[in-house]
Amino acid sequence: MNIVYSNDTVMPVSDEIYDKMKLAAECAASEEQVSVPCSLSITVVTDDEIKAVNKRYRHCDSATDVLSFPQYESVGEINAQEPPIIIGDIVISIETATRQAEEYGHGLLRELVFLTVHGMLHLLGHDHLTEAEEIAMFAKQNAILASLGVNRD
């Protein structure tokens, strides 16, 4: 999987964290049985930047932790494409991730890996609009995080 990573914020992410985020994205794709070569972008931004993106594309005038912009509806649709394909974009606020890591009592690595997995599952067709969807998606998130050895420490 080709992952284009961008982080031009004042809070750079270490190579160790980036490598784990990339592994998390690859693991989510593997767990969801993506069978074609694909690419995606992960962009780490500030709260102000994610707020602007959220307002422009979702008409929500607030910062958030992660946004996903899928190119396809499902893994089945992804696997039906001729490779190489771009499956979408993930945008993560480093400032919100840092605050959430502190609030939840775990490190930034765990929070950014969690947000990467969450964003990937959205790119692969999952959502959490209903209680049943939320239960299913969060179970997948937890299984992927556990397989990576990333827990709330």
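The following legends describe close-up views of a predicted model.

View 1. Four strands form an open sheet in the order E1-E2-E4-E3, and their pairing is mixed. Strands E1 and E3 (66–70) are the edge strands, each pairing on one side only. On average, neighbouring strands of the sheet are turned by 15° against each other, direction ignored. Strands of a sheet pair through backbone hydrogen bonds, either parallel or antiparallel.

**View 2. Strands E1 and E2 and the crossover between them.** Strand E1 (residues 2–7) pairs with strand E2 (residues 38–45) in the parallel sense, over 6 bridges. Asn 2 has Ser 39 of E2 as its bridge partner. Between E1 and E2 the chain passes through helix H1 (residues 15–31), giving a β-α-β crossover that is left-handed.

**View 3. Strand E2 against strand E4.** E2 also pairs with E4 in the parallel sense, here over 8 bridges. Cys 38 stands opposite Ile 85 of E4, and the bridge partner of Ser 41 in E4 is Asp 89. Of the 8 residues of E2, 7 are buried, so the strand is largely enclosed by the rest of the structure.

**View 4. Helices H2 and H4 on the sheet.** Two of the helices that pack on the sheet are shown here. Helix H2 (residues 47–58) touches E2, E3 and E4, and its direction makes about 45° with that of E3. Helix H4 touches E2 and E4; its direction makes about 60° with that of E4.

**View 5. Helix H1 and its cover.** The 17 residues of H1 should span 24 Å at 1.5 Å a residue, and the C-alpha atoms at its ends are 24 Å apart, which agrees. Which residues of H1 are buried? They are Ile 17, Tyr 18, Met 21, Ala 24, Ala 25, Cys 27, Ala 28 and Ala 29. The elements covering these buried residues include strands E1, E2 and E4 (85–93), together with helices H5 (108–123) and H6 (131–147).

**View 6. The largest nonpolar core.** This core has 40 residues, of which Met 21, Ile 87 and Met 120 touch the most other members. At least two core residues come from each of H1, E2, helix H3 (75–79), E4, helix H4 (94–104), H5 and H6. When residues up to four places away in sequence are not counted, Met 120 touches Met 1, Ala 25, Ala 28, Ala 29, Leu 40, Ile 87 and Ile 90.

View 7. Leu 40 lies in strand E2. Is this residue buried or exposed? With a relative accessibility of 3%, Leu 40 counts as buried, because the cut-off for that class is under 20%. Apart from neighbours within four places in sequence, Leu 40 is in contact with Met 1, Asn 2, Ile 3, Val 4, Ile 87, Gly 88, Ile 90, Met 120 and Leu 123. Leu 40 and Ala 29 are separated by 11 residues in sequence and by 11 Å in space, C-alpha to C-alpha.

**View 8. Two loop residues with positive phi.** Most residues other than glycine have a negative phi, and most peptide bonds are trans. Gln 33, although not a glycine, has a positive phi of about 65°. Gln 33 lies in the loop between H1 and E2, just after H1. At 62% relative accessibility, Gln 33 counts as exposed. His 59, also a residue other than glycine, has a positive phi near 60°. His 59 is found in the loop between H2 and E3, and with a relative accessible area of 69% this residue is exposed.

View 9. Where in the chain does Pro 84 lie? Pro 84 belongs to the loop between H3 and E4. The peptide bond leading from Pro 83 to Pro 84 is cis, with omega near -5°.

How values were computed: Residues are numbered from 1 along each chain as its sequence is written. This is a predicted model: local features need pLDDT of at least 70, side-chain atom pairs count only at pLDDT 80 or more; totals for chains, interfaces and linings use all residues. Side-chain values use heavy atoms; hydrogens and water are left out. Two strands pair if DSSP finds at least two bridges between them. A crossover is right-handed if, with the strands pointing away from the viewer, the path from the first strand over the helix to the second runs clockwise. The expected span of a helix is 1.5 Å times one less than its number of residues. Buried means under 20% relative accessible area, exposed over 50%, partly exposed in between (1.4 Å probe, protein chains only). Contact means heavy atoms within 4.5 Å. A nonpolar core is a set of buried Ala, Val, Leu, Ile, Met, Phe, Trp, Tyr and Cys residues joined through side-chain atoms within 4.5 Å. Axes are lines fitted to C-alpha atoms, for helices over the stretch in contact, and angles run from 0 to 180 degrees between N-to-C directions.
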